[in-house]
Amino acid sequence: TFFVGGGVAGSSPGLETVTPSVLDSLYSLPAANESTAAAASQAVVQFGDNFIPSDLQTFFEKQRPALVGQTVSMKSGENNPDGAVEGEASLDTEYITAIGQFVPTYDYELSVESDPA
């Protein structure tokens with residue numbers, strides 16, 4: 001769980017769990033508009049990690065109900081939810097789709113050997 005406000009979770013008053021709605025408010029993000037979102041695109045790049053599509057839908061149910069049913073399209077590689085599933089890959093995918101509401105989202109799965117780091 002992520003928190004805004006400094007300090008350690010549970011030990012400081014004023015801590016707020018970071019959700020897509022909190023980020024909307026913190027950064028003054030505009031309201032989602034399905035008709036204009038189609039003119040844009042966004043992508044997640046994963047190096048050897050995978051996300052679980054059913055977890056994405058559960059995240060939408062809890063955080064962005066209007067997005068239930070939205071999917072991420074594969075552009076390169078293959079998402080293998082039975083393979084190396086990492087929390088980071090799931091969080092990346094969940095938050096980019098929740099912040100860029102209705103924007104077509106693409107996933108690039110690259111091998112670990114492709115990672116420039």
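In which loop does Leu29 lie? Leu29 lies in the loop between helix H1 (20-26) and helix H2 (34-37), where helices are DSSP runs (H or I) of at least four residues, numbered from the N terminus.

The model is predicted, so that local features need pLDDT of at least 70 and side-chain atom pairs count only at pLDDT 80 or more, whereas totals for chains, interfaces and linings use all residues. Residues are numbered from 1 along each chain as its sequence is written, and side-chain values use heavy atoms, with hydrogens and water left out.

**View 1. Leu29 and the nonpolar surface patch.** Leu29 is partly exposed, with a relative accessible area of 33% (partly exposed lies between buried, under 20%, and exposed, over 50%, with a 1.4 Å probe and protein chains only). Together with Leu26, Tyr27 and Ile99, Leu29 forms a nonpolar patch with about 370 Å² of accessible area (patch residues have over 30% relative accessible area and no salt bridge, and nonpolar side chains are joined within 5 Å).

**View 2. The largest pocket.** This pocket, with a volume of about 160 Å³, is lined by residues including Leu29, Pro30, Asn33, Ile99 and Val103 (on a 1 Å grid, a pocket is an open set with protein on both sides within 12 Å along at least five of seven lines, and lining residues have an atom within 4 Å of a point). Its lining divides into six nonpolar, three polar and one charged residue.

**View 3. The largest cavity.** The largest cavity has a volume of about 70 Å³ (a cavity is a set of points where a 1.4 Å probe fits but cannot get out). Among its lining residues are Gln42, Phe60, Thr71 and Phe102, and the lining divides into six nonpolar, six polar and no charged residues.

Conventions
Grid points are joined across faces, edges and corners, and a volume is the space filled by probe spheres set on the points. Ala, Val, Leu, Ile, Met, Phe, Trp, Tyr, Cys and Pro count as nonpolar, Asp, Glu, Lys and Arg as charged, and the others, Gly among them, as polar. Patches are made of residues with over 30% relative accessible area and no salt bridge: like charges are joined within 9 Å, nonpolar side chains (Val, Leu, Ile, Met, Phe, Trp, Tyr) within 5 Å. Accessible areas come from the Shrake-Rupley method with a 1.4 Å probe; for residues, only the protein chains shown count as cover. A salt bridge is a side-chain nitrogen of Lys or Arg within 4 Å of a carboxyl oxygen of Asp or Glu. Helices (H or I, at least four residues) and strands (E, at least two) are DSSP runs, numbered from the N terminus.
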